[in-house]
Amino acid sequence: MIAIKDLHKSYKMGSNVLHVLKGINFNVEEGEMVAIMGSSGSGKSTLLNIVGMLDLLDTGSYTLDGVPIVNLNETKAAKYRNKFLGFIFQSFNLINYKTALENVALPLYYQRVPKKERDEKALQYLTKVGLANWATHLPSELSGGQKQRVAIARALAAQPKVLLADEPTGALDSTTSYEVMQLLQEINDEGKTLLVVTHEEDIANMCKRIVQLKDGIIIEDKKVNQVRASEYV
Amino acid sequence: MIFRRDTWSEILSSVTKNKARTTITVIGVLWGIFIYITLSGAAKGLDNGFERQFERVAMNSMFVWTQQTSVPYKGFKTGRFIQLKLNDVRTLKTKIPEIQYVAPRNAKGVFGGDAPTITKDLKHGKYNVYGDFPVVVKIATKDIYDGGRFLNEEDIKHDRKVCVIGERTQRELFNKNENPVGQFIKIDNSYFQVIGVHKFVQGGGFEDDGDIYIPFTTFRKLYNTGENVGWLAIAAYNDADVIEVEKKVKTVLKDIHSVAQEDERAIGSFNLGEIFNKVQGFSKGLTFLSLVVGIATIFAGVIGIGNILLISVKERTRELGVRRALGATPNEVKGQIILESVFLTLVSGVLGIILGALVLAGINAATQDVTDFPYTNPTVPIPYIVGALLIMIILGTLIGLIPAQRAVSIKPIDALREE
C-alpha cells in the first residue's frame with residue numbers, strides 16, 4: 001500500500017540545515033495498523049506529513065497504492081489527499097462553525113458529491129462512530145472524545161485507502177484514549193490501513209506493528225501482538 | 001464553480017456562522033452605498049426642484065427693454081431714451097426665425113411710478129397693472145382658478161375692459177367666499193370686469209400675487225401709451241441657442257432705433273435661458289460631486305471588506321488548512337474567499353440601496369408640501385444603481401484576491417500547525 005525508498009528530508013532553519021529524515025525505507029501492506037514511535041525531533045511527524053502529502057520529500061521515492069507520488073503540486077496533492085487519505089489530528093481540527101454532520105460531509109463536498117448523498121453518507125459514518133444523535137451539534141458542544149470520533153468519521157467519509165493519525169489520543173485522558181483506540185482497531189479490523197504516530201507505549205501496543213524512529217532513521221521495526229483496547233474499557 | 005449551488009451554500013454557511021465578522025464587514029459597504037444613493041438621490045431631487053421652479057417659464061426665454069444710449073450715433077447725442085414700439089415685434093419675428101413667441105408688455109407700477117389704485121366697493125389698494133397679449137402665457141404660464149379664464153384675442157380686438165386679478169388682490173378686495181369672477185373693480189377711474197384669478201407661482205421673475213392683467217389694447221387707451229411697449233418677453237424655439245438669439249434681438253432693435261451697435265447700455269436684457277443653464281450647471285456639478293463622493297465611499301467600504309477578510313483569513317488559517325488537508329485545491333480555497341468577498345459586498349450593497357431608497361422616500365414625504373425649497377422627487381437613475389453594483393462586484397473580486405492569495409500562500413502543513 002505504501003512504499004517508501006531512501007527518503008531524505010531536511011529543513012532550512014536560517015543558516016542551518018536540519019536533516020530530519022536520513023534515508024527511510026519503509027513499506028506498509030494493506031490492512032496493517034502501524035504505530036510510528038519516537039521522541040520529539042525523531043522525525044515521526046515529518047514522515048507522516050510526507051506520507052500525507054502535506055509536505056514534499058527531498059530525495060527518494062514514495063508510492064501510494066501503486067501510484068508514484070511525483071511532481072506534486074498543491075492542486076494534485078489536494079486531489080490525492082482527498083481520494084487516498086484520511087487525516088486524524090491531535091487537536092481534532094474540526095471546523096468550529098460547522099455541525100458534526102457538516103464536518104463529516106466536508107471531504108465529500110470537495111469530491112463534489114451532491115448534498116443529499118453527502119449528508120446520508122456523513123450520517124452513516126457518524127452512526128458508525130456512535131454519534132448519530134449528535135449530528136446537529138457544534139464541536140464546542142462535544143467532549144474531547146466525541147470530537148475525535150467526529151474527526152475519525154470525517155477521515156472515513158471519503159473512503160480513503162489509508163488513515164493517518166497524528167497523536168490521535170494526545171489531547172485525551174486515558175479512558176477516552178482507549179475508546180478512540182478501540183474505534184480505530186475496529187476500523188482496522190474492517191481492512192482499512194492505519195498509520196498512527198504516537199509517543200505513548202500503550203497506544204503503540206494497540207497497533208499490529210511498531211516502527212521506532214530516532215534522529216531520522218528507523219532503529220526498530222517489529223510486529224507485535226495487538227493489545228485490544230476493549231480490554232481496558 | 002460559481003454556478004454550483006453547493007459553493008454558495010458553503011459560502012452562505014461560512015458568512016452566516018461568523019455573525020460578528022459578517023456584520024462589521026457588511027456595515028462598511030452598506031454605509032458607502034447608502035451615502036452614494038442618498039447623495040445622488042438628493043442631488044437629483046434638487047435638480048428636479050430647480051426644474052419645477054422653472055417649468056412655469058419657457059426655459060429659453062428672455063426679457064428685453066430699453067435704456068438711455070451711451071454712444072452718439074447718426075447725429076444723435078448720448079443719453080437719448082429710446083422707446084420700443086409695437087411694430088418692433090413684427091420686425092423681430094420676421095428677421096429672427098429662431099423666435100417662437102414675442103409678447104410686448106406694458107406695466108404700471110412695476111418699474112417705478114405709482115401703482116394704480118384699485119377700488120372694490122369700500123376697499124381699495126395699490127396693485128401693479130400689466131397690459132398684455134394672450135401670447136404671454138406661452139412664455140410664462142399663468143394658472144387660472146376654475147371658473148375664470150385668461151385674456152384672449154377677442155378681449156384685445158374689442159379693447160374690452162376685463163381683467164385677471166391675483167390671489168392677493170382677491171383676498172384683499174373681496175370678501176371670503178365671494179366669487180370675484182363677473183364682478184367689477186375700478187382701476188384708477190375705469191371699471192373692469194374680473195374674468196379670472198391667477199394662481200401665484202414661484203419663479204415668475206418680478207411678478208407677484210397681486211398683479212392685475214388687462215388687455216394690451218385697453219391698457220394703451222387707459223394710459224395713453226399709443227404704440228409704445230414697456231418691454232418684450234421673447235421665447236426662442238427649444239433647439240435654438242438662447243444667447244445667440246439674445247444677441248440677434250439686440251442687433252435688430254439697435255438697427256431699428258438708430259442705436260450704435262457698440263452701445264452696450266441702450267438695450268437691456270435678462271436672459272432666463274442663460275440663468276437656467278447656470279442653475280442646471282450647478283445641479284449637474286452637484287450630481288457629479290455626489291457621484292464622486294458616493295463612489296469614493298463605496299471604495300472605502302470595499303477596502304474595509306478586504307481588510308476584514310484579510311484579518312479573517314489569518315484567523316481562519318487553521319480552518320483553511322483543514323479544508324486543504326481534506327482535499328480543497330488552492331483554487332477552491334481562493335474561489336471561496338473571493339466569492340465570500342463578492343457575496344458580502346453585494347449583500348451589503350443591496351441592503352444599502354434599500355436603506356438609501358427608504359431614506360429618500362422619507363425625505364420626499366417630508367418635503368412634499370415645501371414649496372419655497374427646490375426639492376422634488378429625489379430618485380436615483382437605474383443605470384447609477386447598476387453601475388454601483390457592477391463597481392462593487394469588480395472591487396469585491398479585486399479586493400478579495402489579496403486575502404485569497406494570502407490564504408493559499410501558507411502551506412497546509414503550516415496552516416495546521418498554526419495555533
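I'll start with where the two chains meet: the contact takes 21 residues from chain A and 20 residues from chain B. Keep in mind that this is a predicted model. On the side of chain A that touches chain B, helix H2 (74-84) and helix H3 (100-110) of chain A each supply at least two residues. The largest share of that side, six residues, comes from H2(A). By residue class, the side of chain A that touches chain B divides into ten nonpolar, five polar and six charged residues.

Now chain A by itself. Its secondary structure consists of seven helices and ten strands. Of its 233 residues, 48% count as buried. If you take the contacts in chain A with a separation of 6 or more, 68% of them are between residues 24 or more positions apart.

There are two sheets to go through in chain A. One is an open sheet of four strands, in the order S2-S1-S4-S5 of chain A, with antiparallel pairing. Its edge strands are strand S2 (16-28) and strand S5 (67-68) of chain A, and each of these pairs on one side only.

Inside that sheet, strand S1 (residues 2-13) of chain A and S4(A) run antiparallel and are joined by five bridges. As one point of reference, Lys5(A) has Ser61(A) in S4(A) as its bridge partner. On to the next pair: strand S4 (residues 59-64) of chain A pairs with S5(A), again in the antiparallel sense, over two bridges. Here Thr63(A) stands opposite Pro68(A) in S5(A), and Leu64(A) stands opposite Val67(A) in S5(A). What separates the two strands of this hairpin, S4(A) and S5(A)? There are two residues between the strands, and in this hairpin Asp65(A) takes a positive phi near 50°.

The other sheet is also open. It has six strands, in the order S6-S7-S8-S3-S9-S10 of chain A, and the pairing is mixed. Strand S6 (85-88) and strand S10 (217-223) of chain A stand at the edges with a single partner strand each, so one side of each is left without a neighbour in the sheet. From one strand to the next, the twist averages 15°. Towards one end of the order, strand S9 (residues 209-214) of chain A pairs with S10(A) in the antiparallel sense over six bridges. In that pair, Ile210(A) stands opposite Lys222(A) in S10(A).

Helix H1 (residues 44-51) of chain A touches strand S3 (33-37), strand S7 (162-166), strand S8 (193-197) and S9 of chain A, and its direction makes about 150° with that of S8(A). Helix H6 (residues 174-189) of chain A touches S3, S7 and S8 of chain A, and the direction of H6(A) also makes about 150° with that of S8(A).

Back to H1(A) for a moment. How many of its eight residues are buried? Eight of the eight are, so H1(A) is largely enclosed by the rest of the structure. The buried residues of H1(A) include Lys44(A), Ser45(A) and Thr46(A), as well as Leu47(A), Leu48(A) and Ile50(A). Following H1(A) there is Met53(A), whose phi is positive, near 60°.

In general, nonpolar side chains in soluble globular proteins tend to be buried together. Here the largest nonpolar core has 167 residues, and those with the most contacts inside it are Ile36(A), Val104(A), Leu164(A), Leu195(A), Cys163(B), Ile212(B) and Ile234(B). The largest share of this core, 13 residues, comes from helix H2 (residues 19-54) of chain B.

I'll finish with a glycine in chain B. Gly281(B) has its place in helix H9 (residues 272-315) of chain B. Is Gly281(B) buried or exposed? Gly281(B) is exposed, because 10 other C-beta atoms lie within 10 Å and a residue counts as exposed at 12 or fewer. Gly281(B) and Asp47(B) are 234 residues apart in sequence, while their C-alpha atoms are 9.8 Å apart in space.

Methods:
Residues numbered from 1 in each chain as written. Chains lettered and ligands numbered in written order. Predicted model: local features only at pLDDT ≥ 70, side-chain atom pairs only at ≥ 80, totals over all residues. Core = buried A, V, L, I, M, F, W, Y, C linked by C-beta atoms within 7 Å. Buried ≥ 20, exposed ≤ 12 C-beta atoms within 10 Å, placed from the backbone. Contact = placed C-beta atoms within 7 Å. Nonpolar A, V, L, I, M, F, W, Y, C, P; charged D, E, K, R; others polar. Pairing = 2+ DSSP bridges. Axes fitted to C-alpha atoms, helices over the stretch in contact; angles between N-to-C directions.
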